[in-house]
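Okay, thanks everyone, let's get going. Let me put it up on the screen.

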Amino acid sequence: MSEPRISPSAAADALVEIHARRDQAVTAALVPGWYWPALGGLMAAFTAAVETHRPWVVAVGSVGCALGLGTLVARVALRHRAQVRSSLIGVHGTVAIVGYALGLVALGLVTGFTAESAGLAWPATVGAAATAGAMTATGQSLMGYLRGVMTARPIGGGR
Amino acid sequence: MSAPRFDELIHAPTRLSLVSLLAATDWAEFRYLRDQLGLSDSALSKQLSTLEQAGYVEVRKSFVGKRPRTSVKLSRHGRGAFDGHVAALQQIVARAGTSVLPGA
C-alpha cells in the first residue's frame, strides 16, 4: 500500500466529496417531475380516443399520442447526458420499479372494470385516468425512493 | 471489498471529484462532466488526458448527426484504483478512531 500523507480529517473530507458527487450523479439521472403527469395524460388521452369507437378519432388520437410519447421520451433522453451505474439500483430498486408498474396496471384494471360494472360511460378511460392520477401523485415518490436506494449503497468496492 | 491503496493521482481535488462522478456512472458525456464540475473545456480536457494516460478512463468520440459527442467512462483499471483509494481513505479515518464517515 502506498503510504498516504494526509490527515484523517482530510480523508474524511475526501469521502464526503465522493458521496456528494455520487448523489449529484444520481439526482441528475432521475426523471423530472413533469414526466409523470405528461405520460399519464397521454395514456388517458389515447384510451379516450380508442373508446370513442370513431375511426378518425382513433387515428388522430393514435398519431397524436405517438408524437407526444416520442417527444416526451426524446426530451428525457436528451436531458440525460450520463448513465448512472445500473448496479446502484440493486434488488430493492428493481423490485420497487416492477412493483410500482404492476400496481399501476392493477389499479387501472380494477378501476376500469369497476366503472364498467357500475354502468359508467367510458370505463377504460376512467381506469386510465385513475392510473394517470396515481402516476402524477406518486411518481416523484418512487424517484425519491430510488434515489435513497442508490445513494445508500456503500461507495468504492463495498457491496 | 478492494484492498486499500491510496492513489495520489486520484486524490488531487479536481480529479477526485471527476473520478467520483465517473464512478457513479457507466458513462458520462464531456458536457455533463464540465457542467457538473464547473470546469472549462480546457481544464476538463487536461484532467481527462492525465487520467487517460494512466489508463483510468476511456474517452470515446462519436457523432450524433453532425454534432460531435465525447463520452467518458472509468476503465476497469480506473474503477479498481478508485475502489482501492476509497478503501484507503476509510482505513485512515477508521484508524484515527473518528466517526466522520458519511452515514456513520
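So, this is a predicted model, and I'll start with the inside. The largest nonpolar core has 40 residues, and the ones touching the most other members are Val84(A), Val19(B), Leu22(B) and Leu89(B). Which elements give two or more residues to this core? From chain A, that's helix H1 (8-29), E1 and helix H5 (123-152). From chain B, we get H2, helix H4 (41-53), strand E3 (67-74) and H5.

Setting aside neighbours within four places in sequence, Val19(B) is in contact with Ile10(B), Leu74(B) and Phe82(B). There's also a second, separate core, with 15 residues, including Leu39(A), Ala49(A), Val126(A) and Ala130(A). As a general point, nonpolar side chains in soluble globular proteins tend to be buried together.

Now, the contact between the chains. Chain B puts in 33 residues and chain A puts in 28 residues. On the chain B side, helix H2 (13-23), strand E1 (25-29), helix H3 (30-37) and helix H5 (76-96) each supply at least two residues. H5(B) has the largest share of that side, with 10 residues. And what's the make-up of the side of chain B that touches chain A? It's 20 nonpolar, eight polar and five charged residues.

E1 of chain A, residues 82-84, pairs with E1(B) in the antiparallel sense, over three bridges. Val84(A), which we met in the core, stands opposite Thr25(B) in E1(B).

Okay, over to you.

Note on methods
Residues are numbered from 1 along each chain as its sequence is written. Chains are lettered from A and ligands numbered from 1 in the order in which they are written. This is a predicted model: local features need pLDDT of at least 70, side-chain atom pairs count only at pLDDT 80 or more; totals for chains, interfaces and linings use all residues. Two residues are in contact if their C-beta atoms, placed from the backbone, lie within 7 Å. Helices (H or I, at least four residues) and strands (E, at least two) are DSSP runs, numbered from the N terminus. Ala, Val, Leu, Ile, Met, Phe, Trp, Tyr, Cys and Pro count as nonpolar, Asp, Glu, Lys and Arg as charged, and the others, Gly among them, as polar. Two strands pair if DSSP finds at least two bridges between them. A nonpolar core is a set of buried Ala, Val, Leu, Ile, Met, Phe, Trp, Tyr and Cys residues joined through C-beta atoms within 7 Å. A residue is buried if 20 or more other C-beta atoms lie within 10 Å of its own, exposed if 12 or fewer, and partly exposed in between; C-beta atoms are placed from the backbone.
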